[in-house]
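The entries follow the order in which I looked things up.

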Amino acid sequence: MLAPKERDRLVVASPTDETLLWVARIYVIAELAGDPPAKAVRESLGIPESTANNWIRRAKDRGILDG
């Protein structure tokens with residue numbers, strides 16, 4: 001889904017709106033596929049579980065991700 005260079009750029013930038021938009025995209029695609037969405041975010045971005053959960057919460061708080 002994301003090229004490694006792009007993924008690294010997003011992770012280094014931390015939870016910017018662009019990063020959170022990608023978090024939301026990954027989350028929704030995983031949900032539609034019937035996969036655990038938080039795990040998909042964690043694995044797709046190569047971030048710890050706590051970071052993935054934090055970024056998912058931020059995406060929801062900012063209205064980028066429904067929930």
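Entry 1. With which residue does Glu6 form a salt bridge, and how far apart are the closest N and O atoms? I worked on a predicted model, and in it I found that Glu6 pairs with Arg9, the closest N and O atoms being 2.6 Å apart. I then checked where the two residues sit: both belong to helix H1, which covers residues 4-13. They are three residues apart, about one turn of the helix.

Entry 2. Glu6 has a relative accessible area of 27% and is partly exposed. Arg9 stands at 38% and is partly exposed. Glu18, at 35% relative accessibility, also counts as partly exposed.

Entry 3. I turned to helix H4, which spans residues 49-61 and holds both Asp61 and Arg57. Their side chains meet in a salt bridge at 3.6 Å, N to O. The pair is four residues apart, about one turn of the helix. Is Asp61 buried or exposed? I found Asp61 exposed, with a relative accessible area of 56%, because the cut-off for that class is over 50%. Arg57, at 44% relative accessibility, counts as partly exposed.

Entry 4. I next examined the packing of helices. At what angle do the axes of H2 and H3 cross? Helix H2 (residues 17-33) and helix H3 (residues 37-45) have axes that come within 8 Å and cross at roughly 130°. I recorded H2 and H3 as oblique to each other, because angles over 145 degrees count as roughly antiparallel and 65 to 115 as roughly perpendicular. The crossing of H2 and H3 is right-handed.

Entry 5. Which residues make the contact between H2 and H3? From H2 I listed Val23, Ile26, Tyr27, Ala30 and Glu31. They meet Pro37, Ala38, Ala40, Val41, Ser44 and Leu45 in H3. By class, I counted nine nonpolar residues, one polar and one charged in this contact.

Notes: Residues numbered from 1 in each chain as written. Predicted model: local features only at pLDDT ≥ 70, side-chain atom pairs only at ≥ 80, totals over all residues. Heavy atoms only, no water. Salt bridge = Lys/Arg side-chain N within 4 Å of Asp/Glu carboxyl O. Buried < 20%, exposed > 50% of the residue type's maximum accessible area, 1.4 Å probe, protein only. Axes fitted to C-alpha atoms, helices over the stretch in contact; angles between N-to-C directions. Parallel < 35°, antiparallel > 145°, perpendicular 65-115°, else oblique. Left-handed = near helix turned anticlockwise from the far one by under 90°. Contact = heavy atoms within 4.5 Å. Nonpolar A, V, L, I, M, F, W, Y, C, P; charged D, E, K, R; others polar.
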